[in-house]
Amino acid sequence: ISSKSSGRTDLCSFSFPGQNCTFQLQGPNGTVESPGFPYGYPNYANCTWTITAEDQHRIQLVFQSFALEEDFDVLSVFDGPPQPENLRTRLTGFQLPATIVSVATTLSLRLISDYAVSAQGFHASYEVLPSHTCGNPGRLPNGIQQGSTFNLGDKVRYSCNPGFFLEGHAVLTCHAGSENSATWDFPLPSCRADDACGGTLRGQSGIISSPHFPSEYHNNADCTWTILAELGDTIALVFIDFQLEDGYDFLEVTGTEGSSLW
Ligand SMILES: *[C@@H]1O[C@H](CO)[C@@H](O)[C@H](O)[C@H]1NC(C)=O
Ligand SMILES: *[C@@H]1O[C@H](CO)[C@@H](O)[C@H](O)[C@H]1NC(C)=O
């Protein structure tokens, strides 16, 4: 059974064995998340979100959280209505996807899950943008944003408060992407405490990087990160970048279950 809604009301109805749901969304902004997030989406799900903007506008989708059973459960993103010819990308696994900006005035998402195994699901926010703008890339916790226009060619500069250093690119430029889309050239940087080295992490997802990454870490570093999950949950660690001095510097990963030492 699928139920349709109009305007900004979300409706979702489930029936077994298929779990279909349909959402119609409009601007100026809002959020999209998988059913049951973050406690797991149903098996046999077939859920479709269609976000519609006015003419001369497009839709920016920013993921805050993403975890789908790799290769078996898939979120397809369509630049336009959810039809095969509009397929933009297929997302699966545990890596946070990059921001997606539509070319069309409609952006749709379809989550298909198989008969077994679920994960947290995904949570994303969307914003309707005029065609020539990149949208605000976001505020920086413990830092300052300079630049308040976000159109093609505009630059936004970030710096960190005293006691923090910047990780990532300090200057983002809004440039023309494929077709008539405008996108920031780099993701939002972050500010880290100067002496940050290790720590305890909780929550649905997060990022760990060596001190000063992507610059070099210092000599004699000895950092320990502890990731805590709820009882019964497992933790997936995905390496995006890895460079250590071969044979001398090392990263050890240990778990509380037996035989989980690498
Ligand atoms: C939409 O944007 C307004 C103004 O920027 C903001 O206050 C609000 O939280 C946003 N809503 C969502 C669902 O992101
Ligand atoms: C999902 O639902 C749509 C329409 O609601 C349908 O066209 C599509 O074939 C379904 N996909 C699967 C894999 O069941």
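Q: What should I know before reading the values?
A: The model is predicted, so local features need pLDDT of at least 70 and side-chain atom pairs count only at pLDDT 80 or more, while totals for chains, interfaces and linings use all residues. Residues are numbered from 1 along each chain as its sequence is written, chains are lettered from A and ligands numbered from 1 in the order in which they are written, and side-chain values use heavy atoms, with hydrogens and water left out.

Q: OK, how many disulfides?
A: There are three, where a disulfide is a pair of cysteine sulfur atoms within 2.5 Å.

Q: Where does the one between C21 and C47 sit?
A: The sulfur atoms of C21 and C47 are 2.0 Å apart. C21 is in strand 1 (residues 19-26) and C47 in strand 3 (residues 45-52), 26 residues apart. Strands here are DSSP runs of E with at least two residues, and helices are runs of H or I with at least four, numbered from the N terminus.

Q: Right-handed or left-handed?
A: The torsion about the S-S bond of C21 and C47 is about 95°, so that disulfide is right-handed.

Q: And are C21 and C47 buried or exposed?
A: Both C21 and C47 are buried. Buried means under 20% relative accessible area, exposed over 50%, and partly exposed in between (1.4 Å probe, protein chains only).

Q: Which parts of the chain does the C134 and C174 pair link?
A: C134 and C174 are joined with an S to S distance of 2.1 Å. The link is right-handed, with 90° about the S-S bond. C134 lies in the loop between strand 9 (121-130) and strand 10 (143-146), and C174 in strand 13 (residues 171-176), 40 residues apart.

Q: Why does C134 count as buried?
A: C134 has 1% relative accessibility, so it counts as buried. C174 is buried too, at 2%.

Q: What about C160 and C191?
A: Their sulfur atoms are 2.1 Å apart. The torsion about the S-S bond is about -90°, so this disulfide is left-handed. C160 is in strand 11 (residues 155-160) and C191 in strand 15 (residues 190-193), so the pair ties together parts 31 residues apart in sequence. C191 counts as buried at 12% relative accessibility.

Q: Switching topic: which residues are around ligand 2?
A: They are N46, R110 and I112, counting a residue if one of its heavy atoms lies within 4 Å.

Q: How far is the oxygen atom of ligand 2 from the side chain of N46?
A: An oxygen atom of ligand 2 is 2.3 Å from an N or O atom in that side chain.

Q: How much of ligand 2 does the protein bury?
A: Ligand 2 exposes 370 Å² taken alone, and the protein buries 34% of that. The areas come from the Shrake-Rupley method with a 1.4 Å probe.

Definitions and conventions: Polar contact = N/O pair within 3.5 Å; in protein donor to acceptor, adjacent residues only side chain to side chain.
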